[in-house]
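Trainee: I have a structure to go through. Can we take it one question at a time?

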Protein chains: 2
Amino acid sequence: MTGEPVTIGGYLIGRLQQLGIEHVFGVPGDYVLRFFDLLERSALRVVNTCDEQGAGFAADAYARIRGIGAVCITYGVGGLKVVNTTAQAYAEESPVVVISGAPGVEERRKHPLLHHKARAFETQREVFDRITAASAVLDDPGVACREIDRVLRVALIQKLPVYIELPRDRVLAEAPRPDSPLSLEAPAGDPDATRAAVAEVASLLSRAERPVILAGVEVQRFGLQDHLERLVSASNIPVATTLLGKSVIGERHPSFIGLYQGGMGREDVRDYVESSDCIMMLGALQTDLDLGIFTARLDPHRTVHATRDRVAVGYHGYENVRLADFIEGVAAAGLPRCACDRPRPQPAFSDEVRSEGTVTVSNLFAHLAAFLTEETMVIADPGDALFAAADLPVHRRAEFMSSAYYASLGFAVPAALGAQLAAPLQRPLVLVGDGAFQMTGMELSTIARYRLNPVVVVLNNGGYGTERPMLDGSFNDVLPWQYYRIPEVLGAGRGFLVETTVQLDAALEAASAARDAVSLLDVQLAPDDRSPALKRLTAALAASVRGSG
Amino acid sequence: MTGEPVTIGGYLIGRLQQLGIEHVFGVPGDYVLRFFDLLERSALRVVNTCDEQGAGFAADAYARIRGIGAVCITYGVGGLKVVNTTAQAYAEESPVVVISGAPGVEERRKHPLLHHKARAFETQREVFDRITAASAVLDDPGVACREIDRVLRVALIQKLPVYIELPRDRVLAEAPRPDSPLSLEAPAGDPDATRAAVAEVASLLSRAERPVILAGVEVQRFGLQDHLERLVSASNIPVATTLLGKSVIGERHPSFIGLYQGGMGREDVRDYVESSDCIMMLGALQTDLDLGIFTARLDPHRTVHATRDRVAVGYHGYENVRLADFIEGVAAAGLPRCACDRPRPQPAFSDEVRSEGTVTVSNLFAHLAAFLTEETMVIADPGDALFAAADLPVHRRAEFMSSAYYASLGFAVPAALGAQLAAPLQRPLVLVGDGAFQMTGMELSTIARYRLNPVVVVLNNGGYGTERPMLDGSFNDVLPWQYYRIPEVLGAGRGFLVETTVQLDAALEAASAARDAVSLLDVQLAPDDRSPALKRLTAALAASVRGSG
């Protein structure tokens, strides 16, 4: 028995709302205008960005926090502008629902050359099939609602982006409701394989003298932070995180020892992890940046590596084991409490806040470390904004966000838009290089329009500072903008020109107090000033650029 | 016999240069850094945009003028940002060469998770296969140079974008030169079919009393403007153009009668064309916008439609006939000279320049018509900037550029960058709406960096004015920027706030005189003020939005 008919557009909006979405990011266009109209008359809030790229990044940030996000754009000129942001969501496992308007089914039949069409009418869907986990074109009202459910289920269970194309003459088409509710239960893992994996790993950990956990991004994406904390409480095993997984555990948690990044990260954390006799990696993607461009020395003989649906122990693997079940199982296995009497790595940023004179990367991050409060969410753009931020001691869990694997420059400012709407009790501290700011920084306009109040720090060093030490040329320069004057263009927010630590103190204090709008700190840095992490990374990166060939 | 070995990167650069490219637009990144370094040490000039989107649009504009253009970006985070601009180049037949850096062949083998990778290493090429006419991954030095030639030949002959992926460990790899030169000769058409088509059409035209030519964009893309002028000189047949083809003939040419756009365009031009007893369409794409959202009434019985490789006469067609051969053939067919004694449509903008008071769309365009000189190239963004510009009387041929089919908002500002570098003796007049400006307008930064001097007119009406009459909502608003203050942020150029016609006159005069940098006119318009063309179009568009469903 099928339920009462609804419209396709109405059903989609209803489902998004049920799943916890309150904001949809996008830019309108005629093929999606009718759906925007429906959205505006629904309980969902439309958030109009300057460019579709900004909407895509904002939706990704929103999805990382809420567990689902949506970007809604027009056909062709809108959809094909969010290919890169959707690719990032795929690479970094963020469940973004891409909703694209499209020419009507009927008008496609009559006219081959409708505006915004790139090649064939199917081209856009074919492109998205390459970078999403599921897609649907809602051209058939008979199955449209079931198709919506099928695709949303994939996003929610696999934590990956999906694509929905809605022809404009189908938005208000009546469609039968599915007769079963949307099931969000993931398919069960293999209970025998799970038991065996847990038993082997529990036995390894029980015998280990210096066990350590290396927690990665999937712990956050699959909502397993509580699982991780139960395991840590039960076992007292120290926890490091990867860069992409930074803040999956609160960094003031007594068991947190720091970020592990191979040769790129702090030496004391590296020694602690690499000398462990049982390294349990939980939900960590083995990416080049997370592994310090493969400078990591994690001996496979001593490593357990659990990801979304697989556990590897040394050189053998257990298939079809869910990460949640595995962590729960190990936590419940009655492990002996780890004595953990090795000296712990000490947090960075103990001093330098009192330094005077010009701002350097080093004293800037010392000041920022002191600026963090319980409500700060740090959002770092790729480049030294990210590498230097790796050791910023964020207070609570899930308070750090970055594109630390796909590494798309320009993520941070639009991400702040999505993040603060998703978590309105937090105040983003955005760290972004000047080159990246020139890509998407004007989305401060959208931030101003929706009356959000992040603190945006532009690391202004005159260009692509991460690339200079690899191979320099005038292509690494950017035009020196007066970033601090952008609030005058927007008619909102406050800009600060920061050249000295005294000015930095004053600007951070003013930004703290000014809670009604965005604050933008234009922090002047020497072009050759780099964080210690970037200096270590650069050697490895330059070898890759100059290397073979 | 194969020639002397060169490096793959060096061969590619050499070919681009031979083909007339002097500038390559792009943003660097580590996977393409070594190729940027080669570029910078070559005779080609690297033009760094703020965002890859700007580079893609600039390369498209450059290709429209020079017959070929190039955009060079890094893998993933760069390449997937130019999907939309490449789709536009495909839709509007612009031969853009997309050159993407990529992870090295060797490093891909060793490591599955390299940064900037979306899904599989092949994903990006698969995406570009959907929106380009040919692609190559230069991983095999043995065939790399031949592959470069194969792909460039497609771009040049088909006038469509192509994709070249260059793994970073192959840039300096030695590769044998092909033993044959790059042939740019298009495959010949069918001589018998061509003769037959020419004979039939010449006979029709000879008997016609009121023939008319409707010239479209392919005349420009395939470099057939001289062919067209010879035909017009020989036959004296009046010529209208489409919107996308605007300026394929100089608009002061005695045979030019105006733009034909069905019900969207001027009524006198429409009557003239639709009442013709032989309408010869040359290289016109039958798109919805060019046909006034299908309000055109072109009786197929009286229409000849020649495109790149086909001629349709009424309801029958001749295949494999090259547009160049067809136009040449008809021009040489000894047609009687058309008497053309019908009254010609009169140019618009005869008055209104003297009006006083606030600026309206109508008096703005009258002023702009008077502002045009022999050196002005008009670049119009989609929306009313384009529709109102349709009847601007550009002086010489190829002096009007727009995305009048694919209609991607935000094309115009970065297009001005590409256009002025391609045609340094011209000065672009950029017409752009405020919504579109918020997408890509900050590429003024790149324009400033390379010391170009377009005059940019922002039609500031507080949002997406083209959409309001279709279906309005707060999603059609944008934040009101103080656009005229952007030069202060860039530290270059001049900004003008324009509310009255007196201010408009003064600003245009100042912009004329100030030839050292960009001038930006922030022209305040009422949100409900629209050009006559947009008013006519809106009725048709609103019907499509609200129509069926």
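Trainee: How many salt bridges does a search of the whole structure find over all chains?

Mentor: First, the ground rules: this is a predicted model, where local features need pLDDT of at least 70, side-chain atom pairs count only at pLDDT 80 or more, and totals for chains, interfaces and linings use all residues. Residues are numbered from 1 along each chain as its sequence is written, chains are lettered from A and ligands numbered from 1 in the order in which they are written, and side-chain values use heavy atoms, with hydrogens and water left out. A salt bridge is a side-chain nitrogen of Lys or Arg within 4 Å of a carboxyl oxygen of Asp or Glu. Over all chains, the search gives 74.

Trainee: How many salt bridges lie across the interface of chain A and chain B?

Mentor: Glu488(B) pairs with Arg485(A), their closest N and O atoms being 2.5 Å apart. Across the interface, the rule finds four.

Trainee: What area do chain A and chain B bury between them?

Mentor: Buried area is the accessible area (1.4 Å probe) that two parts lose on being put together, summed over both. Here 57% of it is on carbon and sulfur atoms. The total is about 7,700 Å².

Trainee: Is Asp30(B) buried or exposed?

Mentor: Asp30(B) meets Arg168(B) in a salt bridge, at 3.8 Å from N to O. Asp30(B) is in the loop between strand 2 and helix 2, and Arg168(B) in the loop between strand 7 and strand 8 of chain B, so the pair ties together parts 138 residues apart in sequence. Helices (H or I, at least four residues) and strands (E, at least two) are DSSP runs, numbered from the N terminus. Buried means under 20% relative accessible area, exposed over 50%, partly exposed in between (1.4 Å probe, protein chains only), and at 6% Asp30(B) counts as buried.

Trainee: Which residue forms a salt bridge with Arg66(B)?

Mentor: Arg66(B) is in helix 3 of chain B, and its partner is in the loop between helix 1 and strand 2, 44 residues apart. At 25% relative accessibility, Arg66(B) counts as partly exposed. The closest N and O atoms are 2.7 Å apart, and the partner is Glu22(B).

Trainee: How many residues of helix 3 of chain B are buried?

Mentor: Helix 3 has 15 residues and is mostly covered. The number buried is 13.
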